[in-house]
Amino acid sequence: MPLTVKDMMQAANAVVERIDASRAKELIGQGALLLDIRDAPELERTGRAVGAHHIPRGMLEFRADPELPSHDAELRKDRVIILHCASGGRAALAGKLLKDMGYLHVYNLGGFADWVNGGGEATGPLDRGM
């Protein structure tokens, strides 16, 4: 039977712990990577968490695989990684993907608003001067 998005979300939420901004800030203080997986236009439109690393969800597999030339050195399998997107769905799915790829400590912060509403520092949207 084919998987549905509901099935994939249930599987992801079962293995990727959801944390709040307070816990995320604590982990970041200990060296965790805050990873924003939204697309570039989303960051331009809404802003981004200060200090967050950006890899769009569509490129995550290619940046996470250390065997590829496109590997991002910020991604290490023993480093704590905290994902966020716009609302938490893509972060959950991306977290499961990273766990499937052997990443050990992966958390879902939820959405960018969860970070901001939890007191996380953020930069504003890009001013295009129009």
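Which residue of S4 does Asp 36 stand opposite? In this predicted model, for which local features need pLDDT of at least 70 and side-chain atom pairs count only at pLDDT 80 or more, while totals for chains, interfaces and linings use all residues, Asp 36 stands opposite His 54 in S4. Residues are numbered from 1 along each chain as its sequence is written, and side-chain values use heavy atoms, with hydrogens and water left out. The elements named here are DSSP runs numbered from the N terminus, a helix being a run of H or I with at least four residues and a strand a run of E with at least two.

Strands of a sheet pair through backbone hydrogen bonds, either parallel or antiparallel. In this model, 5 strands form an open sheet with parallel pairing, arranged in the order S1-S6-S5-S2-S4; two strands are taken to pair if DSSP finds at least two bridges between them. Strand S1 (17-18) and strand S4 (53-54) stand at the edges with a single partner strand each, so one side of each is left without a neighbour in the sheet. Strand S2 (residues 33-36) pairs with S4 in the parallel sense over 2 bridges, and with S5, again in the parallel sense, over 4 bridges. Leu 34 stands opposite Ile 82 in S5, and Ile 82 in turn stands opposite Tyr 107 in S6, where S5 and S6 pair in the parallel sense over 5 bridges.

Strand S5 is mostly covered, since 5 of its 5 residues are buried, where buried means under 20% relative accessible area, exposed means over 50% and partly exposed lies in between (1.4 Å probe, protein chains only). Both faces of S5 are covered, with Ile 81, Leu 83 and Cys 85 buried on one side and Ile 82 and His 84 buried on the other.

Asp 36, which is found in strand S2, has a relative accessibility of 0% and therefore counts as buried. Leaving aside neighbours within four places in sequence, Asp 36 is in contact (heavy atoms within 4.5 Å) with Leu 43, Arg 48, Ala 52, His 53, His 54, Ile 55 and His 84. The side chains of Asp 36 and His 84 are joined by a polar contact of 3.4 Å, a term that denotes a pair of N or O atoms within 3.5 Å; within protein, one atom must be able to donate a hydrogen and the other to accept it, and residues adjacent in sequence count only if both atoms are side-chain atoms. The C-alpha atoms of Asp 36 and Leu 97, which are 61 residues apart along the chain, are separated by 15 Å.

Helix H5 (residues 89-100) contains 12 residues and reaches 17 Å from its first C-alpha to its last, close to the 16 Å expected at 1.5 Å a residue, the expected span being 1.5 Å times one less than the number of residues. H5 lies across S5 and S6 and runs at about 145° to S5, where axes are lines fitted to C-alpha atoms, for helices over the stretch in contact, and angles run from 0 to 180 degrees between N-to-C directions. The buried residues of H5 are Ala 91, Ala 92, Ala 94, Gly 95, Leu 97 and Leu 98, and these pack against helix H1 (5-15), helix H4 (60-64), strand S5 (81-85) and strand S6 (106-111). H5 is followed by Gly 102, whose phi is positive, near 100°.

In helix H2 (residues 21-29), Ala 21, Ala 24 and Leu 27 are buried. They cover an arc of only 120° around the axis, which puts them on the same side of H2, the arc being that of the directions from the helix axis to the C-beta atoms. What covers the buried residues of H2 includes S5, S6 and helix H6 (112-117). Just after H2, Gly 31 takes a positive phi of about 110°.

Arg 79 is found in the loop between H4 and S5 and, at 14% relative accessibility, counts as buried. Its side chain is joined to that of Glu 74 by a polar contact of 2.7 Å. Not counting residues up to four places away in sequence, Arg 79 touches Gly 31, Ala 32, Leu 33, Glu 74 and His 105.

Glu 42 is found in helix H3 (residues 40-46) and is buried, with a relative accessible area of 14%. The side chain of Glu 42 makes a polar contact of 2.8 Å with the side chain of Arg 90. Not counting residues up to four places away in sequence, Glu 42 touches Gly 47, Ala 86 and Arg 90.
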